[in-house]
Amino acid sequence: MYKIINPIVPPVSLFFPDCSREPLCSNEVCNRELSPSRRASSLIGSLTIGEKMLNLVSNATGVPRLGLPAYKWQTEGLHGLARSPGVVFAGGGNFSAATSFPQAISSGAAFDDDLVEAIANVISTEARAFSNYGRSALGLWTPNINPFKDPRWGRGQETPGEDPYHLQRYVAAFIRGLQGNSTSRKVIATCKHFAAYDLEGFGNITRLAFDALVTPQELSEYYLPPFKSCATSNVGAFMCSYNSLNGIPACADPYLLQTILREHWGWDDEDQWVTSDCGAVQLIWAPIGHNYTNTLNEATAVALKAGTDLECNPAINADFLGMAYNQSLISENEIDKALTRLYSSLVKVGYFDPPQAQPLRSLGWESVNTTEAQKVAYAAAVSGIVLIKNDGILPLSKNKSIALVGPWANATTQMQGNYYGVAPYLKSPLSAARRLGLSVEYALGANISDTDPSSVVAVELAKAADVIIFMGGIDNTVEAESLDRNNIMWPGPQLSLLRSLFALNKPIIVVQMGGGQVDDSELLNGNSSVNALLWAGYPGQEGGAAIFDIIVGNAAPAGRLPVTQYPTSYADVVPEVDMALRPGPGNANLGRTHIWYTGDPIVQFGSGLHYTDFNLSWGGNIHITPSSAYLNPTINIQRLILARGTYNWLELLAQPVLTLPLEISNVGTVKSDFVALLFLKSTAGPEPWPKQTLVSYSRAHDIMPNSSSIVELTVNIEGLVRVDETGSRVLYPGQYTLFVDLDAAVEHKITLTGEPVVLEYFPQPPRKSL
């Protein structure tokens, strides 16, 4: 017999389990030769039933007797480490801040997957640096990947935009940046909110009790594709949402969490888990929620059985898990399954491994807000700015005197949007203008939603200036979590001030801020129209510098609007609670998004001007894959599918069909990026037909005057399919037109022949469909 004595030296870390000491070192969780699930199972097998309950909630207590530290799973990092239970910013000095990137809606406007991956890579690096000093968990509850279909949604700013294809590409890049490409994850990413969540409140209906009524067709076609991309990107976790879907709370829905997610999409690795949104399990039962069960004990049970592994709740909710267990509503095997998934993910991210085996454990404060991170933040802010109108006033001559006016003109934390952390610095527009040596005078003029006495001063400054720059729009005071708008107009006090400025007959540049769009029709049309209009979203710590560099021509705009800008009347006749995309009685036959909207948008999805001129042409042969499917001049559907061999349906949809080389020629005088958006339209398949669908995009960088760049636009099989009423994906014969940009500058037609083929059979819900 031997007595094991722990070493006298202090533990390796206060924030990680110490596998060099007893009692943990004798547990197989410390054996790096074993699989993550085997290691996690060994740990779970050492816990009492009470200890298991205490670690199925977001503020997990750990197990002190085993040397397992407490762990806060809820850690936010949407566009930089953010204030949340799992992130601890110091009051000053080391770890007092983290790089603050543009909000997701602004990064989405860049249409640049490499940039998105670079942003996420910095975020995950900084999370690991914070975690080494007990200031962050090893997982981030991001990204928010719900499509932004209604402009009133207060959290639309957290998403990349309205288009499901764009969101699929964005989230795949973001997950690559967060998790890395190796078998051991850098951090655990979490895709949220699953599914059909895009409402905070409409009338007396809140997100806490909202029942989203969605047809199988539009669930499969619009609401789920970004999450499918999460699954195929091997994301570590999902978060189920507050709302119900067709009568069943999302966190209690085995159709969502098991049938679709784990079975149909094959997201079933040993270390992948689902968390509830915070408080969502209580809302399964609560009268202010869904009133779906009779007791909270039953709510915790139905959530666990459906596939919700972790409850985002205070530790006290472990008591209700215990009650559910004591009432035999859940079994210990079900508890162990959930805990094994959770702790397998921590094993995979290196939580139990010694620091010498984990290069990421060496990261410290020097890895936060690095020079490279600042460059990425600046590039992201510039790349996401969209030029909506320009009569030639931009870029602005630097010798002009400027009256800088409006509630965003001296913005700092405003520029971060919601889910933000402590930024190392925030470059306001006013400070950026002064750093450039511009002749600028500033007045607030108006608040976001209220008048301000400084409006008189603003008008007097404008009278004396050569040009007026008005910076306004909306911010977190009118759009945020738990806060939807009830209209999409410019706020009245700002519009009133703008009208006073219009009356001066001075050149006016407007910079519109915020995530949700406001109706710009008065600014774009008629005698009072502005000379130039930029949209800059929430541009983060480098926001002011990016905006003024574009205004004076130090940088060139090339962003594209990632949402549709609707007229004010749209919000008057379309209820926010209507989930239909196709035109119908629920949405006044107007439809939603650029795919289905039948009205005239004020500004179209994909709009974006430049400081130079471009000519577009096909830059070589258009490749069809496989070539055996090409029967000049048509493509045979049966040959196209048979040539793919034994791919499963997910792999088959991701296979390329067409590669179109686009030559982008800069025939102007300014170096500029260019975003190529490839759309498709067709009358193949049954009516109604989409107006257009986005099927590919690419951003070309730094095209010099009198130079060209070639980008390849690849169309996968999924880009050609239609979704039928059951939610299944079908490839139909017919003519398809592919065109670049909203003006169809270049186009290419293909014809598919043969018989329709169902490529994906969408699982049907175990209840009556809508």
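**Reading backbone, burial and packing**

Q: Which residue follows helix 12, and is its phi positive or negative?
A: Helices (DSSP runs of H or I, at least four residues) and strands (DSSP runs of E, at least two) are numbered from the N terminus. Gly350 comes after helix 12, and its phi is positive, near 90°. The model is predicted, so to speak of a local feature requires pLDDT of at least 70 and side-chain atom pairs count only at pLDDT 80 or more, whereas totals for chains, interfaces and linings use all residues. Residues are numbered from 1 along each chain as its sequence is written, and side-chain values use heavy atoms, with hydrogens and water left out.

Q: What should helix 12 span at 1.5 Å a residue, and how far apart are its end C-alpha atoms?
A: The expected span of a helix is 1.5 Å times one less than its number of residues. For the 17 residues of helix 12 (residues 332-348) this gives 24 Å, and the end C-alpha atoms are 24 Å apart, in agreement.

Q: How many residues of helix 12 are buried?
A: Relative accessible area, taken with a 1.4 Å probe and protein chains only, sets the class: buried is under 20%, exposed is over 50%, and partly exposed lies in between. Helix 12 is mostly covered, with twelve of its 17 residues buried; among them are Ile335, Leu339, Arg341 and Tyr343.

Q: How many of the eight residues of helix 7 are buried, and which elements do its buried residues pack against?
A: Seven of the eight residues of helix 7 (residues 225-232) are buried, so this helix is largely enclosed by the rest of the structure. The buried residues include Phe227, Lys228 and Cys230. Packing is read from contacts, meaning heavy atoms within 4.5 Å. The partners of the buried residues of helix 7 include helix 5 (164-179), strand 4 (188-194) and helix 22 (649-653). Just after helix 7, Asn234 has a positive phi of about 60°.

Q: Where is Thr593, a residue other than glycine with a positive phi, and is Thr593 buried or exposed?
A: Thr593, with phi near 70°, lies in helix 20 (residues 593-596). Its relative accessibility of 0% makes Thr593 buried. Asn246 also is not a glycine and has a positive phi, of about 50°. Asn246 sits in the loop between strand 9 (244-245) and strand 10 (248-249), and at 21% relative accessibility Asn246 is partly exposed.

Q: Which residues does a cis peptide bond join?
A: Omega identifies such a bond. Glu22 and Pro23 are joined by a cis peptide bond with omega of about 5°, and Pro23 belongs to the segment before helix 1 (36-45). Another cis peptide bond joins Leu394 and Pro395, with omega of about 0°; Pro395 is in the loop between strand 12 (386-390) and strand 13 (401-405).

Q: What is the radius of gyration of the protein chain?
A: The radius of gyration is taken over C-alpha atoms, and the globule rule is 2.2 Å times the number of residues to the power 0.38. The protein chain has 22 helices and 30 strands. Its radius of gyration is 27 Å, close to the 27 Å that the rule gives for 770 residues, so the chain is as compact as a globular protein of that length. Buried residues make up 62% of the 770 residues.
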